[in-house]
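Dear colleague,

Please find below the structure that I am handing over to you. My notes on it follow directly after.

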Amino acid sequence: MMNHRGPAFADIIKRVTEGLNWVFGVSSDVITLTASGTGGLEAAVINVLSPGDRVLAVSVGVFGNRLASIAETYGAEVVRYELEWGAAADPDAPPRRLDADPSIKAVLVTHNETSTGVTNPLEAIGAVVRERGPLLVVDGVSSVSSIPCPAERWGVDVLVSGSQKGWMVPPGLAFVWLSERAWEASETATMPRFYFDLRRARSSLENAQTPWTPALSMFYGLDKAFESLRAEGLEGIYTRHHAVAQYTRDRVRAMGLELFAHDERFASDTVTAVRWPDEVDGPAIAKRAREEFGVVLGGGQQSLRGKIFRVGHLGYFTQDDIAAALDVLDRLLAETPARATA
Ligand SMILES: *Cc1c(COP(=O)(O)O)cnc(C)c1O
């Protein structure tokens with residue numbers, strides 16, 4: 001470890017912040033917090049909102065509900081636009097809510113819903129929200145750095161990501177960016193904040209520091225990760241993620257399996273969610289994959305438990321890694337006798 005108030009760390013945080021600004025597509029500094037992604041979401045909410053504020057929460061799964069819950073916990077009046085899991089948000093729906101209820105101060109959206117493998121059409125949502133004025137607060141934890149999400153260009157006001165997803169770093173850092181409008185809102189917002197007060201983080205960053213002791217080793221990792229990200233370039237990164245996601249979708253379909261995303265146009269390029277067929281014991285297959293082959297198929301969360309599995313393809317991976325995992329799945333499906341159905 002090193003002195004986090006010394007020149008060596010100052011060099012690291014400056015380089016890392018420049019890298020974050022580049023990936024977020026922004027001209028003001030991204031703030032790095034020591035927290036997991038959820039801490040970043042909490043920071044996003046409490047820095048721009050006040051108790052009693054009306055907000056529209058667009059939710060297509062577990063993480064959309066989590067963002068809504070954070071706002072509720074801190075006293076916002078949350079109006080929910082919830083979709084059936086597997087669906088993507090319709091960009092025409094928020095305008096109807098916003099026109100009917102002009103007191104709505106912010107719209108909360110998950111860019112990439114990791115629980116269902118669906119990517120919301122954020123660019124279109126950004127355009128309609130921006131026209132009407134509320135702040136657009138976006139959970140980009142499992143999208144930013146893997147699929148395009150240029151915050152300024154898309155009219156995003158608050159964008160959050162987390163180190164353990166596409167950034168190729170262990171868990172421990174959250175990244176939060178605020179637009180000029182969002183920083184203005186942070187001056188009058190009254191939800192309680194201390195550790196996650198982004199105004200303090202911003203003024204420390206002017207001196208290349210953080211207000212509290214940062215997770216130094218994660219910074220070393222992120223600094224290194226930027227060498228790879230820069231070498232590949234944003235276009236290269238996005239193209240690789242798209243190609244491997246397409247490969248994953250094509251292969252699971254070739255095995256006779258069905259994607260959980262209702263409409264393939266919104267199927268995520270960072271995580272593929274797949275339905276277990278009714279006639280097989282999916283969790284038993286996942287257990288064999290893990291115990292006999294060291295391949296972890298992500299399970300479904302909450303009501304999707306036992307119904308789907310998820311293949312993550314973001315960050316540090318190659319198509320060969322995914323191919324090897326799918327080979328195991330293919331083999332186990334072929335070996336597994338169909339369960340008797342009534
Ligand atoms: C992983 C993830 C989070 C944050 O989860 P943590 O466990 O707190 O890091 C939030 N939103 C989405 C969409 C995620 O994929």
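How many residues surround the ligand, and which are the closest? The ligand is surrounded by 14 residues, where a residue is near a molecule if one of its heavy atoms lies within 4 Å of it. The closest are Ser 36, Thr 38, Thr 114, Asp 139 and Lys 165.

Please note that this is a predicted model, in which local features need pLDDT of at least 70 and side-chain atom pairs count only at pLDDT 80 or more, while totals for chains, interfaces and linings use all residues. Residues are numbered from 1 along each chain as its sequence is written, and side-chain values use heavy atoms, with hydrogens and water left out.

The ligand site

The shell around the ligand consists of three nonpolar, eight polar and three charged residues. In this division Ala, Val, Leu, Ile, Met, Phe, Trp, Tyr, Cys and Pro count as nonpolar, Asp, Glu, Lys and Arg as charged, and the others, Gly among them, as polar. Helices α2 (37-48) and α3 (62-73) each supply at least two residues of this shell, and α2 gives the largest share, three residues. Helices (H or I, at least four residues) and strands (E, at least two) are DSSP runs, numbered from the N terminus.

Polar contacts are pairs of N or O atoms within 3.5 Å. A polar side-chain atom of Thr 114 lies 2.4 Å from an oxygen atom of the ligand, and an N or O atom in the side chain of Ser 36 is 2.5 Å from a ligand oxygen atom. For Asp 139, a side-chain N or O atom is 2.6 Å from a nitrogen atom of the ligand. Taken alone, the ligand exposes 380 Å², of which the protein buries 88% (Shrake-Rupley method, 1.4 Å probe).

Strand β7

Asp 139 also belongs to strand β7 (residues 135-139), whose five residues are all buried, that is, under 20% relative accessible area (1.4 Å probe, protein chains only). Leu 135, Val 137 and Asp 139 lie on one side, with Leu 136 and Val 138 on the other.

The whole chain

The chain has ten helices and 13 strands. Of its 342 residues, 57% count as buried.

With kind regards

Conventions
Buried < 20%, exposed > 50% of the residue type's maximum accessible area, 1.4 Å probe, protein only. Polar contact = N/O pair within 3.5 Å; in protein donor to acceptor, adjacent residues only side chain to side chain.
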